[in-house]
Amino acid sequence: MAQIDDGPGAKRVLWPFYLALAIFVALVVQATIQGHGLDYYKTEAGPFEIGAFVAMGCALIGFVALAPRVVFGPGWHVAVLMALLMMRELDFDKRFTEKGVLQLRLYSGDYPLLHKLIGVFVLIVIVVTLYRLVRHGAGPFLRGLRDRAAWAWWLAGAIVLVVIAKSLDGLARKLEPFGIAVSAETDWWASFIEEGLEWIFPMMIILAITSWVQQDRARR
């Protein structure tokens, strides 16, 4: 990993990570006190779902606070992406329309025009955000991996976690066409791990952001 300033000033940038972790621990303690079992962790009100939303919120707030010149400048698309991910955690993509804005049936079916217009607007924002992310971020990300920059490897780890999590989601259903039978217990644990990885993902995003900020400050 890249050598960056690790003095007291640098350590202070980690407050978004500690804040998100503290809130998650509080959610776990609350669930334990209330006598909830592990099934509760997979619900929308459970520690994983709420913790993931809070962690991404801490990542966004931390990004704005620690690197405002980037957020309100050339890197605004990163902040927008984090905001979109936060809204996805709250199911905003299908909460305000009869069909989810990411579903083709919303646009091909007989649904209110307003809902379709909202969906088109959201899709435009997503496409523009992803385009800018690839155009302006792919190069620095690959160079960061080559140079063993901490922020790039945290980000790479987060991407790998997402791929693994999506693979575990509905594991039994996905393997059934291949003639592979998955027990109910294995499928339950796969779902539990998937929810846990979805919480770890924004925590790694926070570490990627704070590592980048430390490296950026060390260069100045």
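Started with Thr129: buried or exposed? I get a relative accessible area of 1%, and the cut-off for buried is under 20%, so Thr129 counts as buried. This is a predicted model, so I'm reading that as a prediction.

Next I looked up where Thr129 sits, and found it in helix 8, residues 113-146. Its side chain reaches the backbone oxygen of Val125 at 2.7 Å. Leaving out residues up to four places away in sequence, I noted that Thr129 touches His77, Val80, Leu81 and Leu84.

Stayed with helix 8 and checked how it meets helix 9, residues 150-168. The two axes come within 8 Å and cross at roughly 105°. The range for roughly perpendicular is 65 to 115 degrees, so I'm logging helix 8 and helix 9 as roughly perpendicular to each other.

Which residues make that contact? From helix 8 I wrote down Pro140, Phe141, Gly144 and Leu145. From helix 9 I have Trp151, Ala152, Trp153, Leu155, Ala156 and Ile159. Sorted by type, the residues of this contact come out as nine nonpolar, one polar and no charged.

Last, the confidence. The mean pLDDT of the protein chain is 89, and 95% of its residues reach 70 or more. Helix 2 (residues 15-33) is highest at a mean of 96, while helix 1 (residues 8-11) is lowest at 49. Over residues 1-9 the pLDDT is below 50, though I still find 16 contacts for this stretch in the model, beyond near neighbours in sequence.

Definitions and conventions
Residues are numbered from 1 along each chain as its sequence is written. This is a predicted model: local features need pLDDT of at least 70, side-chain atom pairs count only at pLDDT 80 or more; totals for chains, interfaces and linings use all residues. Side-chain values use heavy atoms; hydrogens and water are left out. Helices (H or I, at least four residues) and strands (E, at least two) are DSSP runs, numbered from the N terminus. Buried means under 20% relative accessible area, exposed over 50%, partly exposed in between (1.4 Å probe, protein chains only). A polar contact is a pair of N or O atoms within 3.5 Å; within protein, one must be able to donate a hydrogen and the other to accept it, and residues adjacent in sequence count only if both atoms are side-chain atoms. Contact means heavy atoms within 4.5 Å. pLDDT is the predictor's confidence in each residue, from 0 to 100. Axes are lines fitted to C-alpha atoms, for helices over the stretch in contact, and angles run from 0 to 180 degrees between N-to-C directions. Angles under 35 degrees count as roughly parallel, over 145 as roughly antiparallel, 65 to 115 as roughly perpendicular and the rest as oblique. Ala, Val, Leu, Ile, Met, Phe, Trp, Tyr, Cys and Pro count as nonpolar, Asp, Glu, Lys and Arg as charged, and the others, Gly among them, as polar.
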